[in-house]
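Where the paired side chains sit along the chain and how exposed they are is taken up pair by pair.

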Amino acid sequence: MKVLIKHLLDNNIDEIVAKSYLNCHCIGLHSIMLLDSPEKTIRMYITTENHEMYEDINLPIAIHPHHCNLTLYCIKGEIFNYNFIKDDVYGTESKIWYYNSKISDGEMRFTKIGTTKIIEMDTELLKKRDSILLEAKQLHTIKVEKGKINAWLVFEGREDKSYIPLCYTNTDLNNVDSSKLYIKPTIKEIKNLIKKSKILL
C-alpha cells in the first residue's frame, strides 16, 4: 500500500493537492484525494495531534450514510467505527439535517428537516492493516484517540442512486464555526503532513 500511495503522490501531486482539504469536516482531520475516479476514488485521511475526533467530544462528525459503498483501510494508529440504526422504540431522538457538501457542492450548508430516533448498533476497532466494508446506506461516524496521529484510506465503490445527503446530530449545525474548515492546502503543506505522519516509512 505504501508503494501505491508514494506512486500517486510522486506522479500526481498537483492534482492531489488541488482536490485535497485541511480540516475536512472538523479541525485536525485532513483529506488527501489520491485518486479521483467515479466508483474508484481513493481518499486518504490523516488526523494531526489537534484533531477533534476523540471520544469526549459529542459527535464531531455527525452520524451519516454515504453516496457509495466504502472500504475503510487503517494504515496508522487505530480508528473506531460506530454503526447506528434507526429504532423508534429504543433509540435516542436526534435531529435530521439535510446538507450541502463543501467538497461536492462548493458550499457547506445545513437545513434541519425533522427528528428521528437512532441507536448505536456496534463499534468496530480498526488497527493497522484492518479493513471494513460499509454499505452506502449504513449510518456511522468515526472517532480516534485524543492527540494521536492516525491515517486510513477510503476506497469508494458502487454509487447508491437513492442517496439523500442527510446527517443526524443534536448539535446545532447552523451555529458551527466553519471559517477554519475546508482549507485548500499547498504542496508543501501536503508533503509536510505526509512526512509528519510517517506513513511512508
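A residue is called buried under 20% relative accessible area, exposed over 50%, and partly exposed in between. By that rule K196, at 48% relative accessibility, counts as partly exposed. The model is predicted, and the structure holds six salt bridges. Three of them are set out below.

| Salt bridge | N to O distance | Relative accessibility |
|---|---|---|
| K6 and D10 | 2.8 Å | K6 45%; D10 51% |
| K19 and D36 | 2.9 Å | K19 32%; D36 38% |
| E49 and K196 | 3.2 Å | E49 39%; K196 48% |

The side chains of K6 and D10 meet in a salt bridge. Both residues belong to helix α1 (residues 2–18), and because they are four residues apart, about one helical turn separates them. K6 is partly exposed, whereas D10 counts as exposed.

A second salt bridge joins K19 and D36. This pair links distant parts of the chain, 17 residues apart: K19 is in the loop between α1 and β1 (29–35), and D36 is in the loop between β1 and β2 (42–47). K19 is partly exposed, and D36 is partly exposed as well. K19 and D36 also belong to a network of salt bridges that includes E15.

E49 and K196 form a further salt bridge. E49 lies in the loop between β2 and β3 (68–76) and K196 in helix α3 (residues 187–197), so the pair ties together parts that are 147 residues apart in sequence. E49 is partly exposed.

Technical notes: Residues are numbered from 1 along each chain as its sequence is written. This is a predicted model: local features need pLDDT of at least 70, side-chain atom pairs count only at pLDDT 80 or more; totals for chains, interfaces and linings use all residues. Side-chain values use heavy atoms; hydrogens and water are left out. A salt bridge is a side-chain nitrogen of Lys or Arg within 4 Å of a carboxyl oxygen of Asp or Glu. Helices (H or I, at least four residues) and strands (E, at least two) are DSSP runs, numbered from the N terminus. Buried means under 20% relative accessible area, exposed over 50%, partly exposed in between (1.4 Å probe, protein chains only).
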